[in-house]
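Let's take a look at one helix and one interface. Have the sequence and the 3D view handy as you read.

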Amino acid sequence: MKKSKNSKLGVSRRHLLLAGASTVACLSGMMPAGFSSVFAGEPETGLDSEALMALKDGLTLLNARPVNMETPAHLLDDAITPAHRLFVRNNGHLPDYDEHPEASWTLTIDGEVTTPLNLSIADLKRDFEVVRKQIWIECGGNGRKFYEPGASGNQWSLGAIGCPIWTGVRLKDVLERAGVKDNAVYTAHHSIDTHLSGDPDKAPISRGVPIAKALDENCLIVFEMNGAPLPVLNGFPLRLIVPGWPGSCSQKWLKRIQIRDRIHDGTKMTGAAYRMPAYPVSPGTEVPKEDMVIIHELPVKSLITSPVTGARAPVGEPIEVRGHAWSGEGDVVALEVSVDFGASWQKATLDAPANKYAWQQWRADLTFEKAGYYEVWARATDRTGKRQPSVVPGWNPKGYLNNMQHRVAVFAV
Amino acid sequence: MRHIIIFAVVTTLLAACAPDAITNSGQQAAQSQSEKSELQQRREARIKQMADNWPGTVNLKDPFNALDPMIKPSSVGRGSVFDANDDYWGLPRTPGYEEVATYCASCHSLAIVMQQHVTPERWQYLLTWMLEKQNMPPLDPEEHALVLKYLTTNFSSGSK
């Protein structure tokens, strides 16, 4: 089959309005170079999806159908990630908002609860305390690209991470209102994006977390990001934020949280998805399903957001190197940089997080005394004493949890 | 290069006949000083040339970007790059490309296929996963074998 032009739109024009007033500007002026060619002739990718993607300024497109985009490290320099710089990891097609408009959007809490709930977004805002927290969200496969042999899935390099401010209510408060029964074991998250095959009975993704994690006061049901409605590509109008764990736990376009008396077995809960081998395996090993265990916390990690790799620095003058650090275990306690391939390390200044699970800013002044080629390496240490490795850590079939030290190339001239 | 060798010979001689070296030390020091600064100049010129040759701007769309020390070419998918403007999305034209274009581009774009550099065993697993879990219509055995061969030839670790 040679490709055919098929203009079935993923999102209707009306939904562009959801994206905010800057849409028109984005369509005309802000379309990143190369985007139009990426989409030429792609079936089932309409102008509106393109426009939504164009709102993501400067991101690298890994796949247009379904949409998957990551942010180059130097574009993650802001302490608070703006909407146009937050990565996108989608498993299916965007929801049909004509069928599910925001005004009549409901969130159902059911399963092993004493009082099932059916809440509108207005109910959530009215009946529960509204909280604002800055929380990082990262795809479990961030860094997959660097595994050898390759691990299947989108080949994320560094930028499937971001840390905006979320506004919403505590998941805990909502679950307590519903009354979680004693036999509750796991949550099951459901949304209304659609499976790539078009099968209405198949979910593109439906993950969950143990009840204890769901009752952590930092898990949120959010309706705003950075004080504005959630971007469509990031879950408009309602999503979960489960801090410190793979981004897939933070279901987008959230419609239902079912409480289950067993570990949830929805799409991407089983098989190799978001699981690691129970024991270290040699690269390329096919690991049986029963030996794959569900990932919980993501490991300690950091990024160098300035200078950009490829930059030039003046000899003998200090330049500021800076970035962010985070850990699924909570706070990062130290950040060090090296310009001699890890032979020696220099301590950077590290800020405290805005709140638990916000990433932390760090900076260091570096002076290159001699002209030549350098690599700046950064390594974070979290409060459990764990540090980032200098090499790609243990190979695993799906390429998760790569927290290798970030390196950027700098030429001192 | 020649200068370096001469410098090395002089230094070795110096070390070998120490008394001589002491008497001639002033002269020798002056000589090695000027050779040193010539060497220094050559080194500076080389660094400058190296810097001039260094592009200094990152092409973030280039998966083999030489400026990014995170990326070693061996660890990047090396089949070919997804091209929306090509009739077959940039698929390498080895036997099976039409079948892959037919069977693998209906649900998702071929970008997700062409990014991979997985083992042949993983490709086999992925094809089964696509059939059993993702509603992919079954292929006849011949086509199945051809598609698998194509994927492992073009988008596997160690190929090319």
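Predicted model: local features only at pLDDT ≥ 70, side-chain atom pairs only at ≥ 80, totals over all residues.

Start with α7 of chain B, residues 141-154. This helix has 14 residues and runs 20 Å from its first C-alpha to its last, close to the 20 Å expected at 1.5 Å a residue.

Which residues of α7(B) are buried? They are V147(B), L148(B), Y150(B), L151(B) and N154(B). These residues sit on the same side of α7(B), because the arc they cover around the axis is only 160°. As background, an α-helix has 3.6 residues a turn, so residues three or four places apart point the same way. The buried residues of α7(B) pack against α4 (97-104), α5 (111-114) and α6 (120-133), which belong to chain B. On the face turned away from that buried side you'll find P141(B), E142(B) and K149(B), which are exposed.

**The interface**

Now for chain A against chain B, with the totals in a table.

| Chain A with chain B | Value |
|---|---|
| Residues of chain A in contact with chain B | 63 residues |
| Residues of chain B in contact with chain A | 50 residues |
| Buried area | about 4500 Å² |
| Share of that area from carbon and sulfur atoms | 55% |
| Salt bridges | zero salt bridges |
| Polar contacts, both residues at pLDDT 80 or more | 18 residue pairs |

On the chain A side, the elements that give two or more residues are α2 (35-39), β1 (60-64), β18 (311-313), β24 (372-382) and β25 (406-412). Which element gives the most to that side? That's β25(A), with six residues.

Notes: Residues numbered from 1 in each chain as written. Chains lettered and ligands numbered in written order. Heavy atoms only, no water. Helix = DSSP H or I, 4+ residues; strand = E, 2+ residues; numbered from the N terminus. Expected span 1.5 Å × (residues − 1). Buried < 20%, exposed > 50% of the residue type's maximum accessible area, 1.4 Å probe, protein only. Arc of directions from axis to C-beta. Contact = heavy atoms within 4.5 Å. Buried area = accessible area lost by both parts, 1.4 Å probe. Salt bridge = Lys/Arg side-chain N within 4 Å of Asp/Glu carboxyl O. Polar contact = N/O pair within 3.5 Å; in protein donor to acceptor, adjacent residues only side chain to side chain.
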